[in-house]
Amino acid sequence: MTTDALPLTQTNAPADAAEVAEVVRGAFRDKMPVYPIGGGTALDYGGRPTAPGVGLSLEKLSRVIDYPADDMTITVDAGLTIAELAEHLRTHRQRLPVDIPHADRATVGGVVATAPSGPRRYAYGTMRDYVIGVRVVDGTGMEFSGGGRVVRNVAGYNICRLMVGSLGPIGVITQVTLMVRPMPEASALVVCEVGDFDAAERILAALVHTQTLPAAVELLAGPAQQQGAVLGPMLESSAARVIVGFEGSELEVDWMVGQLRKEWSEAGISTPITIEPADAAAAWDWLGGLPADVQINVRPGATVAMIEQVLRLDSRCSIQAHAGNGVIRVGWSPSQTPPVALSPSETPPTTLPWRELRGAAAEAGGNVVLLSHADDRQLTARDVWGPPGDAATVVRAIKDRFDPQGILNPGRLDYGS
Amino acid sequence: MIHTPLVRELRARLGAENVLSAPSELAVYDCDAYTIERRRPDVVVLPQSTQQVAEVVKLAKRHDVPVVPRGAGTSLSGGCVPLGGGVVVVLARMNRIVEIDLRNRMAVVEAGVPNLRLTQHLAGTGYHFAPDPASQAASTIGGNVATNAGGPHTLKYGVTVNHVFGIEAVLGDGWIVRLAPVENPRELDLIGLIVGSEGTLGIVTKIWVRLTRDPQDYRTMRAVFNTVDDATRTVTRVIAAGIIPAAVELMDQGIMAAIEETMHFGLPLDAGAMLVIELDGPAVGLDAQQERVIEFCRDCGARELLHAADSRQRERLWQCRKSSGAALGRLSPSFLCQDGVVPRTRLPEILRRIAEIGRKHQLRIVNLAHAGDGNVHPNVLFDDRDPDQVTRALAAGRELLEACIQCGGSITAEHGIGIEKVDLMERLFSE
Ligand SMILES: Cc1cc2nc3c(=O)[nH]c(=O)nc-3n(C[C@H](O)[C@H](O)[C@H](O)COP(=O)(O)OP(=O)(O)OC[C@H]3O[C@@H](n4cnc5c(N)ncnc54)[C@H](O)[C@@H]3O)c2cc1C
């Protein structure tokens, strides 16, 4: 694992939560920044760290603490990898229905802190919907917990929600309880190509009324997607691909595929292809792991117009949109097969027209986040996240309570001022 | 307080018709559906806009009096009781459905819109608002947000927080915040924090909610068992088979008897438990799923099994579950509807302990449970004119919540903390 993105003076790997707390207490005393490290897959997410400090690796916290499969919950240490988690859940035909890239390295704690999501969010939501309990060490070294081990619980403030996507400054996550779901029996995807973006919007708008229940509604566009990896090249005349994924029992998936094909054929959409259950897993994995440099969030209905603007700004970029959710992921590297790390010969990321994008997204009521900026040390947290919103002062006040010295991941988030 | 400067100022800002200060008017607001503790507010306001709410909050702050928001007042934990007096802000007149936007699968509503009105408004669109607390005809979406309300369908469809993605709220200093309806990864999930905060972080004035596709079809079953263990094992088998029912409602012997005494559905009085199970989804898969569920019921010893052949029969099967509130009302002068939660597999254990607690306090306690997620509603029957019974009912309520904590659960799954459970919070979080 490389921790180059962080200015570390040393790295500790505590054996348990008590030792994590001890490290943080020491750092609190010394006003020394602490950088929690999970699987190292997203250490450059967020702004540049502003000061050298100690790395706090959670790798030794990797136990499954309790897996009452009949209750559909699992409690694990934060350092357990997503792949290991999936392995345990598979023994009871269960899963966490959130798409997480680099599952072999990404850890549960890291995923709670960064909240990645993928195509399946259309049907199943995001990490926010699955974290039901957390144990955390705050910025003073005090341990606290939120939620519990039951799937429904409204006692007290929803600390779990506060932790998801918090990227450090509330505390170091040491233990997580997740709600899990049954593994579907079957899945399939239906794919069509469209000649222009108006047609894409018509298809997406019509999907609002489909009789089927899609698990994912994706749109792919741009040169790299035109070449196509897993799905093969698009037609010369095509502008984009729309992909609808289904999951469920064999009967359901079979019926939904047929039904959508019927709806599309009635709407004059030509020759969709079906990725049959046998090949579907590979396609899902590919869609769930596509890298990106920038993420744009808009309303679902503004997705296509926004994509057109992105392509006008730079026609070389490659686009994957979780179109049913208004999440647009833009890649600038020539190939969309991972890893996306830019070598010096490739277009440096400073040429990404993200400033222009930010204006366009703001006009559409949305926002832009830079996901990867490995080579650019000039970028501030404000560049990465955009201007602080309405509630920045509230966020700062909360953060100051949990981390009064500002020692947890300093610089990676921007709270306004 | 009738002529205090605060009341005068409120009248000037909101109009006299939106400010109540006569004792007779205030009496209506001295409690909610938790009737054991009461306190009359000093003044009640009915604002019509977010701006007015903000003015009220600023005025109250300037006069240093507390503010308690109130929706329909159906809270079962005393969340609307103004223990410290002050201003009760009733959101009922902010009841516009601002926007229905199917392309974005969302609706924008003011906080005072009753839950059911939104779903009725959506009839025919193919979409609905998923959270459906049993109080949905009255309770407001703002109140649902404040309490993170659930209902019978949460196992499959989630609770209110899973369906809210934008909030406008007035914070304690009168500041209006709008938490964007587009997800912004830069910000902590303040929406998730406000949902379920029971009005302690701000007054919610407007809400962006996600709409859910109507299911294509349903299958509804009712199964009667000799024991709670049999019923719980059935639920476990269903879920282990990868079937997530839209609803699994459990009724124990006590509540079946209560329903039978008053409603005469022909429920067997010697049975230990009854389940109402509903499946929904694409029609094509439902018959096969229903067959499996029936098989699991039989395997686990179901002694009576009914399934609905049409929507009228479906209504009838649900009727016996839905009439429980009315049945209890007729049986007892008062009942305390408790709300606890345990890991689902421990339902038999918690129900045994609840029975012991009932015996100990010589009170009749009958139970309903959203069995899919381990949420149990023990109803403690008592006579509120008898102070000794009130004391015992409160003690029993408290003990059964402590039993939930001991079973690895929590003291509320959907009704909230209110004033009722504040003193149990420390217990819960120090276990
Ligand atoms: C017969 C019956 C059945 C019920 N069934 C269910 C059920 O199935 N599931 C369930 O979850 N609950 C149920 N409840 C409880 C209750 O209906 C819910 O808690 C509901 O969400 C409350 O909505 P309300 O509008 O009545 O809010 P109120 O009772 O008026 O207020 C509830 C709490 O929220 C606060 N609040 C209200 N509006 C706002 C606002 N706009 N901004 C900030 N804070 C606010 C209040 O201060 C109070 O603390 C039931 C109650 C009854 C009487």
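Two residues are in contact, or touch, when heavy atoms of theirs lie within 4.5 Å. In this predicted model, B:Ile350 touches B:Val342, B:Val376, B:Leu400, B:Ala403, B:Cys404 and B:Cys407, leaving aside residues up to four places away in sequence.

B:Ile350 also belongs to the largest nonpolar core, where it is listed with A:Leu85, A:Leu219, A:Trp264 and A:Ile296 as having the most contacts inside that core. Helix α14 of chain B, residues 387-406, gives the most to this core. A second core is separate, and its residues include B:Ala271, B:Met274, B:Val276 and B:Leu368. The table lists the cores by residue count.

| Core | Residues | Some members |
|---|---|---|
| Largest nonpolar core | 203 residues | A:Leu85, B:Ile350 |
| Second, separate core | 19 residues | B:Met274, B:Leu368 |

In soluble globular proteins, nonpolar side chains tend to be buried together.

The next topic is the contact between the chains. Chain A and chain B bury about 5700 Å² between them, with 55% of that area on carbon and sulfur atoms. Of the area that chain A buries against chain B, 15% comes from A:Arg152, A:Val154 and A:Arg299, more than from any other three residues. Chain A puts 62 residues into the contact and chain B puts in 76 residues.

One helix pair joins the two chains: α8 of chain A (residues 250-266) packs with α10 of chain B (residues 283-299) at about 170°, and their axes are 8 Å apart. Angles over 145 degrees count as roughly antiparallel, so α8(A) and α10(B) are roughly antiparallel to each other. From α8(A), the contact is made by A:Leu251, A:Glu252 and A:Trp255; from α10(B), by B:Val284, B:Gly285, B:Ala288 and B:Gln289. These residues divide into four nonpolar, two polar and one charged.

Conventions: Residues numbered from 1 in each chain as written. Chains lettered and ligands numbered in written order. Predicted model: local features only at pLDDT ≥ 70, side-chain atom pairs only at ≥ 80, totals over all residues. Heavy atoms only, no water. Axes fitted to C-alpha atoms, helices over the stretch in contact; angles between N-to-C directions. Helix = DSSP H or I, 4+ residues; strand = E, 2+ residues; numbered from the N terminus. Parallel < 35°, antiparallel > 145°, perpendicular 65-115°, else oblique. Nonpolar A, V, L, I, M, F, W, Y, C, P; charged D, E, K, R; others polar. Core = buried A, V, L, I, M, F, W, Y, C linked by side-chain atoms within 4.5 Å. Buried < 20%, exposed > 50% of the residue type's maximum accessible area, 1.4 Å probe, protein only. Buried area = accessible area lost by both parts, 1.4 Å probe.
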